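The tour goes from stop to stop, with something to pick at each.

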Amino acid sequence: MTDERHSIWLDAPSWFCRPNSTDWQMKLSFVREFPDLHASVVDSWFFNLVYSALYVSIHFLSGRVYEWFTHVCACLRAWVLKRRGAEIVISQGLEPPLPKGAKVIWETFFLDQTPGEADPEFRRGGTNLWIRAVERFGGRVAVIGVRGTASVNLLRRMFPEYAEKVHDLNYVHPEYELLTDDGIRRKQESPGPVRILFIGRAARRKGLIPLLEALSKLRDEGLRDFSLTVVSDCVDGKIEFPDWVDHKVSVPHEEAMRLMQSAHVFIMPSFIESYGLVYLESLASGCVTVVPDQDPQREFVDSGRAGLVVDPRDVSEMVEKLRPILQDQDLRVRLSVAGRHHYEAALSQRVVRAKWRQAIQSLG
């Protein structure tokens, strides 16, 4: 960036940038740190109405109808942003607004994974929607942001003409308090049963059913020296919990973090997951972190070197992979220490902010 002060706008309704909408709020705070940028969010009833309609349409429209509606909304947002004098725009979604003369950082959700029936984006055609979107808009934006090295590499292979535009832009998240190596050892070596934690509002989509099946099989084998705490509203369908599960319907974030800090193992084997900040909280808190076998979650645990990777569609495999970490305290210590180190080196706020800074500075 030059010494001249530029106007950068977040393509998001003002109600997105609130304290409990972590990514947008942190992103707004971060870009405001640039001395040569004046960062703003559009506070307009018309803009908010358009964005709200787009957000609701995800659940009701399908295929080409959704793409057409997305295009209309993008054009309307571009009109508003142009009137506001936007020089740089940070946007998420299937079609970015392209106000004339502005440079656009476009965050896509380009994922190389199996479509999940619970996710409306993937019910409409999954990755193919994003392929068409990159074909249409890749040449018109300044930066294409995806989450994780696997998605970066895949997109660069598929669209070599845009390779230099593609950046690994993860969520801008809070900096979590890190346990020291000694603190992790004390936690993992604490007496009593192995404390397992699951946190996720949409419990079915996030793999709680196969997790319960796997743990039930282990209990049937006689391996019962563990507890399971589930924090979930079960918004995607009621679940009957066995009496050995401690189910908490809803807790404040501070209480959820206290549970995380006392847990030995965190498991959320989601069928579909766009990102999952809770995995990062787990790594920072010194838990053995168990993720689904898909990207970018595989990268969170360094492909199994800093945690555990499981397939939520294969309960038998999950049983075989969970058994050692429930029986072997030394293994839990090694994986949780490795997870904390991997978080610090590859996933921390410092690393994420550096990548965003590089993307913004690439605009020239």
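**Ground rules.** This is a predicted model, in which local features need pLDDT of at least 70, side-chain atom pairs count only at pLDDT 80 or more, and totals for chains, interfaces and linings use all residues. Residues are numbered from 1 along each chain as its sequence is written, and side-chain values use heavy atoms, with hydrogens and water left out.

**Stop 1: confidence.** Colour by pLDDT (the predictor's confidence in each residue, from 0 to 100). The protein chain averages 86, and 90% of the residues score at least 70. Helices (H or I, at least four residues) and strands (E, at least two) are DSSP runs, numbered from the N terminus. Now select residues 112-125. Here the pLDDT is below 50, yet the stretch has 33 contacts in the model beyond near neighbours in sequence. A contact means heavy atoms within 4.5 Å. Where pLDDT is low, predicted coordinates should not be read in detail.

Stop 2: Six strands run in the order 2-1-3-4-5-6, with parallel pairing. Strands pair if DSSP finds at least two bridges between them. Strand 2 (37-41) and strand 6 (166-168) are the edges; each has a single partner strand, so one side of each lacks a neighbour in the sheet. Next, select strand 4 (residues 103-107) and strand 5 (residues 143-146): three bridges join them. Ile-105 stands opposite Val-143 in strand 5.

Stop 3: Select strand 7 (residues 194-199) and strand 10 (residues 265-267), joined by two bridges. Leu-197 faces Phe-266 of strand 10.

**Stop 4: a helix pair.** How far apart are the axes of helix 7 and helix 13? Select residues 181-188 and 329-347: the axes are 9 Å apart, and the helices pack at about 145°. On helix 7 the contact is made by Asp-181, Ile-184, Arg-185 and Gln-188. Partners on helix 13 include Arg-332, Val-333 and His-341.

How values were computed. Axes fitted to C-alpha atoms, helices over the stretch in contact; angles between N-to-C directions.
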